Amino acid sequence: MPANSVARVLQEKDFISVKAETIVSLVHESGALERARKLALDYARRAKRVHSEWRGFEYARALLTLPDFILEREN
């Protein structure tokens with residue numbers, strides 16, 4: 001049923017016969033959000049490590065804060 005619900009929303013290009021809450025619930029139950037967040041944190045850590053080599057550059061501090069800003073924002 002979950003795959004059918006997602007397929008139906010994609011086919012209809014809207015939440016006509018499937019409620020948005022149903023899809024949100026499926027995403028939460030699947031653990032996909034937590035896996036995506038862990039992956040994003042790993043990429044942010046890697047980016048900050050690479051950017052730390054640029055400390056002498058004018059915009060380095062802004063670049064180093066960017067991954068945290070992206071991950072901590074609400075939307």
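The structure holds 3 salt bridges, a salt bridge being a side-chain nitrogen of Lys or Arg within 4 Å of a carboxyl oxygen of Asp or Glu. The model is predicted: local features need pLDDT of at least 70 and side-chain atom pairs count only at pLDDT 80 or more, while totals for chains, interfaces and linings use all residues. Residues are numbered from 1 along each chain as its sequence is written, and side-chain values use heavy atoms, with hydrogens and water left out.

The chain has 4 helices and 0 strands, where helices (H or I, at least four residues) and strands (E, at least two) are DSSP runs numbered from the N terminus. The order of the elements from the N terminus is α-α-α-α. With a radius of gyration of 18 Å, well over the 11 Å that the globule rule gives for 75 residues, the chain is more spread out than a compact globule; the radius is taken over C-alpha atoms, and the rule is 2.2 Å times the number of residues to the power 0.38. Along the principal axes, the C-alpha atoms fill a box of roughly 55 × 20 × 20 Å. Of the 75 residues in the chain, 15% are buried, on a scale where buried means under 20% relative accessible area, exposed over 50%, and partly exposed in between (1.4 Å probe, protein chains only). The chain exposes about 6,500 Å², and carbon and sulfur atoms supply 58% of that area; accessible areas come from the Shrake-Rupley method with a 1.4 Å probe, and for residues only the protein chains shown count as cover.

An α-helix has 3.6 residues a turn, so residues three or four places apart point the same way. R45 is partly exposed at 45% relative accessible area, and R46 is partly exposed at 40%.

A further salt bridge joins K48 to D68, their closest N and O atoms being 3.1 Å apart. This pair links distant parts of the chain, with K48 in helix α3 and D68 in helix α4, 20 residues apart. K48 has 28% relative accessibility and counts as partly exposed, as does D68 at 29%. Salt bridges that share partners join D42, R45 and R46 into one network.

R37 lies in helix α3 too, and is partly exposed at 37% relative accessibility. From R37 to L71 the C-alpha distance is 8.1 Å, across 34 residues of sequence.

Finally, S5 sits in helix α1 (residues 2–12) and is buried at 6% relative accessibility. Neighbours within four places in sequence aside, S5 is in contact with V18, I23 and L26, contact meaning heavy atoms within 4.5 Å.
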